[in-house]
Amino acid sequence: MKKIAPEILVIGGGAAGLSAAAEAASAGAKVLVVESDLRLGGQLIKQTHKFFGSKDEYAGTRGYKIADILLNEIDSFKDSVSILQNTTVTGYYTEDDTFTAMRGEEEVFQIKPQKTIVATGAQERLIPFPNNDLPGVYGAGAVQTLMNVYGVLPGKRVLMVGAGNIGLIVSYQLMQAGVEVAAIVEAGPRIGGYWVHAAKIRRMGVPILLRHSIKKALGEDVITGAVITGLNEKFEQVGPEEEIECDLICIAVGLSPTTELLSQAGCKMMYVPQLCGNVAQRDRTMRTSNPAFYTAGDASGIEEASAAMVEGRIAGLSAAAALGYPTEHGKIDEYWSRLESLRMGEAGARICQGIECVLVKGWEGASHE
Amino acid sequence: MSDKNMDMLFNSGVLTGEREGAILPPRELWEKKKGGVVIIECPQRIPCNPCHTSCPTGAILPFEDINNTPKVNWEKCTGCTLCVSACPGLACFVIDLTFSEENALYKLPYEMLPLPVKGQKVQCLDREGKSVGEGTVENVTQPRKDRTHVVHVSAPKSLVTIFRSIRVVK
Amino acid sequence: MDEKVGPGGKGSKLALIEEHPILDFVHGEKVRFFFDGKELEGFEGEPISMALHANGVRIYRETAEMHRPRGFFCAIGKCSSCFMIVDGVPNVRTCITPLKAGMKVETQHGKGNVPDLNDGRPRS
């Protein structure tokens, strides 16, 4: 079987992975980026809205344009960054420190890197309700892929479940694509996403029903509607119930970090509710308990893409430094101060709590970098 | 409306009353400012500052902490709409009270289709999307050439505290 | 709603976004492929499931025990909901597998049978 041996393997070509690859390459390292999707850019290429943050995080620029900026940066390191798309890393074997990977459905090979940055992102969560398996119940990311990447109409009328940032943003994007948003149901007593995202869809007439959830989906073999219900303070379904006609139920109830490879590599994992799941312990360089493994982006805890890009920079820089490439002194501190400022808002407080749980000062027996 | 209902409405994304980050300009100054002044409705602390960085006159004050809500010096505002098109939250609006005796000129961000044209009648929507009147499109601009349009609508001055969006009837 | 419209039904107009306020869509070359024996159109290089969706096809497989219909869910190759048989190979993640001209895509019933290695089918 073919075996390749890059200096640095970056798994995932999204916001964090591309930033990590660019940063490592700028330090002089040779990088291989492996991306399971057909296109690079991860979730960035699905975002039509302008990003928050400051100039450093491309504030005021639409997400898909930020992907272009990152790809141009990667392009300037053509000689040191190679990229494999439509390629899935399927496992890690500690016996010989080797990954298996699959390109398309046929070509199988091995990768044995010196350092690995796991930037595998996240996966959509689902909540239980009758018929939640019927075609037409789609994750919010899937709806974005359909309409914003491939220009396919996802449906005619949608019920959005969840008013976090993703639920709010995707509702707005659905309207831009010409899909009617019947309502957004949110189990909590307030929207979870940024207030301004809610305001811009409210003023277009979309109801956001707080303390409401979906009771069941309707349909024989595909979705034809949904029954929603009011919730009490214990989240019990107490009504009133209402039937909504829709051919699409979009699920935006949160994401879970994708961390199987980190577990397989023996990285010390920890369940951190504020980071939305099981994540690897890491130090300030984004190194995990396995000295060859770094993590960044949603795989290290669910957060905004702006933070994922900064974490990617830190991981890329640290992996290159660990291989002996000279890096600018103090750059990691600079990136950390950017992260801290991104995390100072309302949503950031929770993230900071989570980071505190999972961040270690250093690793026993390891030389401090 | 009870305080509880007001809170519920605010918690679903509808501004209720004045709050930090969503304060109207002093009426006296506002009424005589040709070109209008910016109204910002951004009452939550979030890490964001393009309103300030896009402002050419220094009317939107620098952020000590990027998470602070925006503050405006309306004396300096010329109603240029650069912030209207730069704000990622579409939370900036310009309202010009000098437009005519009865009507104000509302300059609102717009990222939907169909795009209205000059002279077209549009529905004026409040913060919950309810139609509260009719306006006439006076101009459609694209200040930053990034496909966020600013639609200039003349509509009654009585709508000044409620009219924040438009519906274009095909 | 067109949920009952079979593949290629209602003419063969694809359910595409014609006009978008922010995005311009650039599609690959239009090619023909087969879904359960019927000829459909899609764009080469774009995921199979996207092409099916544009043709009004929502059901991609049927579960092994409860015989429930399944469409896609995550569209990023992580959830296994969109598995189909593609050119004889079962359990293909159609949300991240590119469409090619002449491809034979079939609804998968149950777990799918891995093709016999000795059936003479070319292996790469």
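This passage describes the domains of chain A, the contacts of chain A with chains B and C, and the main nonpolar core.

The structure is a predicted model, in which local features need pLDDT of at least 70, side-chain atom pairs count only at pLDDT 80 or more, and totals for chains, interfaces and linings use all residues. Residues are numbered from 1 along each chain as its sequence is written, and chains are lettered from A and ligands numbered from 1 in the order in which they are written.

Chain A is divided into domain 1 (3-123 + 255-358) and domain 2 (129-251), with bounds taken from an automatic or database domain assignment. The centres of the two domains, taken over C-alpha atoms, are separated by 30 Å. Six residues of domain 1 of chain A are in contact with nine residues of domain 2 of chain A, where contact requires C-beta atoms, placed from the backbone, to lie within 7 Å. On the side of domain 1 that touches domain 2, one residue is nonpolar, three are polar and two are charged. In this classification Ala, Val, Leu, Ile, Met, Phe, Trp, Tyr, Cys and Pro count as nonpolar, Asp, Glu, Lys and Arg as charged, and the others, Gly among them, as polar.

Between chains A and C, 37 residues of chain A are in contact with 35 residues of chain C. Two or more residues of the chain A side come from each of β9 (122-124), β10 (137-139) and α3 (140-149); helices (H or I, at least four residues) and strands (E, at least two) are DSSP runs, numbered from the N terminus. The most, six residues, is given by α3(A). This side of chain A comprises twelve nonpolar, 15 polar and ten charged residues.

Towards chain B, 33 residues of chain A are in contact with 34 residues of chain B. At least two residues of the chain A side are supplied by each of α4 (165-176), α5 (195-202), β13 (208-210) and α8 (331-342), and α5(A) has the largest share, seven residues. By class, 17 residues of this side are nonpolar, nine polar and seven charged.

A residue is buried if 20 or more other C-beta atoms, placed from the backbone, lie within 10 Å of its own. Helix α7 (residues 305-322) of chain A provides the largest share of this core, ten residues. Both domains of chain A give residues to the core, so it lies between them. Not counting residues up to four places away in sequence, A:Ile249 touches A:Gly136, A:Val137, A:Leu159, A:Val161, A:Ile214, A:Ala217, A:Ile223 and A:Ala226.

Conventions:
Two residues are in contact if their C-beta atoms, placed from the backbone, lie within 7 Å. A nonpolar core is a set of buried Ala, Val, Leu, Ile, Met, Phe, Trp, Tyr and Cys residues joined through C-beta atoms within 7 Å. A residue is buried if 20 or more other C-beta atoms lie within 10 Å of its own, exposed if 12 or fewer, and partly exposed in between; C-beta atoms are placed from the backbone.
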